[in-house]
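Hello,

Here is the structure I promised to pass on to you. My notes on what turned up in it follow below.

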Amino acid sequence: MPSVYTSTVIAAQADRVWSVIRDFNALPDWTEFVVDSRIEEGLPSDKIGCVRAFRLENGGFIREKLLALSDYDYSFSYSILESPMGVENYVATVKLFPITDGGHTFAEWSAEFDCAPDREQELIDHISTNVFLGGLTSLKSQMGG
Amino acid sequence: MVSVRRSTVIEAPIEAVWEILRDFNGHDRWHPAVRRSHLDGNKRTDQISAIRNFELTEGENLREQLLSMSDKDHSFRYAIVESDIPLQNYIAEVSLKRVTDGNCTFWSWTSKFDTPRGREQELAQLVAEGVYEAGFEAVRSRLTTTRTLSRHSFSSSAPSTQSQSGTALSGMAIGINRHGGPEEMHAIEVTAAPPGPGEVRLRQTAIGVNYIDVYCRSGYFDLLKPPGVPGMEAVGIVESVGEGVRHLSPGQRVGYACPPVGAYASVRTMSAALVVPLPDDIDDVTAAAALLKGMAAEFLLHRVHQVKKEDVVLVYAPAGGVGRILCQWANSLGAKVIGATSNEEKARVARAEGAHHVILPGNRSLEEQVMEITKGHGADVIFDAVGKDSFDHSVAALATCGHLVSFGQASGDIGARDISSLASKSVTISRPNFGHYTDTPEKVAAITKRLFDAIRRHVITIEVGQQYPLSRAADAHRALEARETTGSSVLIPDDYKKGQK
């Protein structure tokens with residue numbers, strides 16, 4: 001099963017970073033590739049099981065389901081229900097760790113999924129670079145560094 | 001249960017950091033707190049259930065067992081199975097994560113454990129700073145001395161958090177450059193030298209404020225020659241001990257009330273002889289407020305004069321620091337306690353502290369009032385720190401074979417007296433000096449044992465009316481001199497407070 005792992009250090013307190021990313025419906029606020037997002041059935045965005053439906057800048061449409069959310073661990077996990085990427089059993093987790101030495105935040109974004117064998121490397125590169133690193137980089141600039 | 005979490009970023013690839021950390025028996029090669037490490041039996045260093053034996057730099061021993069290890073997750077967990085430091089049910093986890101954006105490593109070190117009651121903060125600090133943060137710094141310097149730094153730069157923790165006995169420990173103190181008012185007190189940076197033979201180095205957590213500190217600051221007493229640091233009483237944690245110090249060990253809670261001055265500081269190196277371990281059930285602030293006054297009360301009531309049941313005891317300034325304790329303690333010894341004070345408000349305090357009678361200034365002299373209360377017997381013992389203004393009244397108020405204990409002269413020197421007149425009542429006079437009753441470890445141990453026991457049994461209560469950050473010591477002096485304080489005042493070192501948040 002292919003997996004992707006991307007991480008970075010954000011020059012802001014974990015509390016602050018978490019307050020931005022905790023909202024499952026907030027991708028348009030802190031990424032550059034999501035243009036609009038809504039939570040299906042009008043559910044609150046921190047209800048486990050809620051589904052976010054969003055459109056990408058390039059026109060792609062994605063639906064993802066919130067599997068886990070922990071304010072205690074600063075983490076959430078989600079699965080992809082529908083996407084143009086051609087992945088199956090895709091589960092991703094975003095997690096923050098306070099860096100006590102200096103007051104910054106270590107952030108990681110990881111995923112596991114299944115796909116056609118000949119597309120594996122292409123998808124790993126795409127997800128790790130364009131999605132996760134791209135997302136974390138815009139989050140960093142959002143947090144001021 | 002105490003939980004400690006510390007984390008940092010090391011500017012080296014995860015493989016390099018993991019190579020150092022994964023050796024469960026290798027801490028003695030890099031951690032400043034570990035002098036020697038060896039494994040039990042013939043287990044391997046990466047064998048789950050292996051037990052490592054640490055001999056720490058400060059002399060303690062502990063045994064830790066490897067519970068799990070994962071090369072995949074770059075993590076391991078371990079438990080303390082035996083330890084000279086009272087960390088109970090201690091389970092820790094070391095975990096590394098790759099920072100893919102920058103080729104460095106996130107390192108977290110966490111644990112949960114129980115401690116004896118009252119030692120949670122102190123031991124959490126020891127683990128967090130002395131073990132985890134010191135470990136971060138050691139690995140960081142090991143890896144970065146052989147590497148050029150990559151593009152990120154991260155603030156690193158202050159080197160002063162290391163618990164290395166060979167280096168100076170930095171902190172802050174309140175110093176004066178010349179005698180004068182509270183405005184002469186300034187925060188200064190100080191370093192505590194590594195302890196020499198017979199010495200101890202302390203991280204102080206609470207400092208008692210006494211009126212004698214005002215006298216030292218103003219120059220009324222010559223105990224402090226500027227430039228210098230006032231203060232005679234504090235509580236803290238032993239950071240390290242010098243050669244030959246047997247009764248103290250690092251991590252221990254201790255306190256002292258003795259010259260030389262220098263207690264208004266967050267770190268201090270001093271003679272270990274008169275520094276005593278504190279019991280777990282006496283907290284830092286109480287001890288810092290209790291030592292000097294409580295030790296004085298102890299030797300006044302038990303050594304200078306052995307107060308017995310039914311003794312008539314006269315206490316001047318019964319609402320003051322030492323006076324309150326004298327009233328409480330003498331009362332519990334079964335004495336008939338008379339307080340002599342200046343106004344009704346203080347009289348109420350004195351009665352609440354155990355004075356059976358309170359004498360106020362009035363139409364009749366102190367001795368007449370004492371004789372009336374005691375039906376002509378007089379006071380068997382008088383504790384008088386007033387001095388010049390009270391001396392003759394005290395002598396007159398004594399019973400036959402009575403004992404005047406003059407332990408201070410707030411109103412001025414008593415001056416010359418003709419002792420032949422004392423024969424009319426076979427008077428005994430003592431002029432005890434705190435230093436002579438507290439100048440050996442044995443004396444201090446005996447006095448503090450009885451003092452702590454009295455606090456524990458609520459024979460005496462220590463009221464801490466004011467706490468100030470150490471940096472605001474001048475405010476503490478202003479309030480004390482303006483008589484705005486109630487009970488004792490205690491200073492808390494600012495960096496200690498910060499460390500507890």
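**A buried loop residue, and what surrounds it**

B:His74 is buried, having 21 other C-beta atoms within 10 Å. As for the cut-offs, a residue is buried if 20 or more other C-beta atoms lie within 10 Å of its own, exposed if 12 or fewer, and partly exposed in between, with C-beta atoms placed from the backbone. B:His74 sits in the loop between strand E4 (61-70) and strand E5 (75-83) of chain B. Its phi is near 50 degrees, a positive value in a residue other than glycine. Helices (H or I, at least four residues) and strands (E, at least two) are DSSP runs, numbered from the N terminus.

Before you go further, please note that this is a predicted model, in which local features need pLDDT of at least 70 and side-chain atom pairs count only at pLDDT 80 or more, while totals for chains, interfaces and linings use all residues. Residues are numbered from 1 along each chain as its sequence is written, and chains are lettered from A and ligands numbered from 1 in the order in which they are written.

**Chain B overall**

Chain B has twelve helices and 22 strands. Of its 501 residues, 45% are buried. Among contacts in chain B between residues at least 6 apart in sequence, 63% join residues at least 24 apart; two residues are in contact if their C-beta atoms, placed from the backbone, lie within 7 Å.

**The sheet**

Seven strands of chain B form an open sheet in the order E1-E7-E6-E5-E4-E3-E2, and the pairing is antiparallel. Two strands pair if DSSP finds at least two bridges between them. E1 and strand E2 (34-39) of chain B are at the edges with a single partner strand each, so one side of each has no neighbour in the sheet. From one strand to the next, the twist averages 20 degrees. Five bridges link E2(B) to strand E3 (residues 51-56) of chain B in the antiparallel sense, and B:His38 stands opposite B:Asn53 in E3(B). Helix H1 (residues 14-21) of chain B lies across E1, E6 and E7 of chain B, running at about 155 degrees to E6(B). For that angle, axes are lines fitted to C-alpha atoms, for helices over the stretch in contact, and angles run from 0 to 180 degrees between N-to-C directions.

**Where the chains meet**

The contact takes 20 residues from chain B and 15 residues from chain A. On the chain B side, strand E1 (2-10), strand E6 (88-99), strand E7 (104-114) and helix H2 (120-144) each supply at least two residues. E1(B) gives the most to that side, with five residues. The chain B side divides into five nonpolar, nine polar and six charged residues. Here Ala, Val, Leu, Ile, Met, Phe, Trp, Tyr, Cys and Pro count as nonpolar, Asp, Glu, Lys and Arg as charged, and the others, Gly among them, as polar.

**The cores**

In soluble globular proteins, nonpolar side chains tend to be buried together. A nonpolar core is a set of buried Ala, Val, Leu, Ile, Met, Phe, Trp, Tyr and Cys residues joined through C-beta atoms within 7 Å. The largest one has 101 residues, of which B:Tyr264, B:Val313, B:Leu326, B:Ile338 and B:Ala379 touch the most other members. Helix H4 (residues 284-304) of chain B provides the largest share of this core, twelve residues. Domain 2 (174-289 + 458-499) and domain 3 (309-413 + 421-431) of chain B both give residues to this core, so it lies between them; the domain bounds come from an automatic or database domain assignment. A second, separate core of 65 residues includes A:Phe76, A:Ala107, B:Ala33 and B:Val99.

**Backbone details**

Two peptide bonds are worth a look:

- B:Pro226 and B:Pro227 are joined by a cis peptide bond, with omega about -5 degrees. B:Pro227 is in the loop between helix H3 (211-218) and strand E11 (233-241) of chain B.
- The bond from B:Pro259 to B:Pro260 is cis, with omega near 0 degrees. B:Pro260 lies in the loop between strand E12 (253-257) and strand E13 (267-271) of chain B.

B:Ser426 has a phi near 50 degrees, a positive value in a residue other than glycine, and is exposed, with 11 other C-beta atoms within 10 Å.

Best wishes
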